[in-house]
Amino acid sequence: MRSYNLFRRRGGEALFCAVPESCAVPRFVGGRRWTFGGRIDGSANLPAGFDDRAAATAVRFNGFYLFQCLDEDETRRSSDEP
């Protein structure tokens with residue numbers, strides 16, 4: 001499994017963007033709407049909603065993978081941020 005940098009969109013929808021460490025961060029992730037959410041690698045627990053096979057396909061075509069977190073606790077934390 002690849003290692004990804006994870007970015008979380010601020011707001012209630014718990015939208016995430018996973019970007020392989022070897023790829024450039026997409027321009028839309030810049031600014032105040034997104035925040036760094038950590039790192040994903042093979043040794044860590046994957047966020048709910050992350051699909052490694054779908055990520056590999058999305059990265060091949062786009063250079064990043066967008067997904068919605070299905071974990072209620074994570075969704076709550078996202079909506080609590082300013």
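## Aromatic contacts

F50 and Y65 are both buried, a term that denotes under 20% relative accessible area, with exposed meaning over 50% and partly exposed the range in between (1.4 Å probe, protein chains only). The model is a predicted one, in which local features need pLDDT of at least 70 and side-chain atom pairs count only at pLDDT 80 or more, while totals for chains, interfaces and linings use all residues. Residues are numbered from 1 along each chain as its sequence is written, and side-chain values use heavy atoms, with hydrogens and water left out.

The whole structure contains 8 aromatic pairs; rings of Phe, Tyr and Trp (its six-membered ring) pair if their centres lie within 6.5 Å, and planes under 30 degrees apart count as stacked, over 60 as edge-to-face and the rest as tilted. F50 and Y65 form one of these pairs, an edge-to-face arrangement with 5.3 Å between centres and 85 degrees between planes. Distant parts of the chain are linked by this pair: F50 belongs to the loop between β3 (34-40) and α1 (52-62), Y65 to strand β4, and the two are 15 residues apart. F50 also pairs edge-to-face with F67, at 5.3 Å centre to centre and 85 degrees between the planes. Because F50 lies in the loop between β3 and α1 and F67 in strand β4, this pair ties together parts that are 17 residues apart in sequence.

The relative accessibility of F50 is 9%, so F50 counts as buried; F67, at 4%, is likewise classed as buried. One aromatic cluster comprises Y4, F16, F50, Y65 and F67.

## Fold and strand pairing

The protein chain has 2 helices and 4 strands, arranged from the N terminus as β-β-β-α-β-α. Helices (H or I, at least four residues) and strands (E, at least two) are DSSP runs, numbered from the N terminus.

Strand β1 (residues 4-9) runs antiparallel to β2, and 5 bridges join them; two strands pair if DSSP finds at least two bridges between them. Within this pairing, A18 in β2 is the bridge partner of L6. The hairpin of β1 and β2 has 5 residues between the strands, and G11 there takes a positive phi near 130 degrees. On β4 (residues 65-68), β2 pairs in the antiparallel sense over 4 bridges, with L15 opposite Q68. Strand β2 (residues 15-20) is largely enclosed by the rest of the structure, because 5 of its 6 residues are buried.

## Salt-bridge network

The structure holds 2 salt bridges, each defined as a side-chain nitrogen of Lys or Arg within 4 Å of a carboxyl oxygen of Asp or Glu. One joins the side chains of E21 and R39 at 2.5 Å, N to O. This pair links distant parts of the chain, with E21 in the loop between β2 and β3 and R39 in strand β3, 18 residues apart.

R39 is partly exposed at 45%, whereas D41, at 17%, counts as buried.

## Chain totals

Of the 82 residues of the protein chain, 34% count as buried. Among contacts (heavy atoms within 4.5 Å) with a separation of 6 or more, 58% are between residues 24 or more positions apart.
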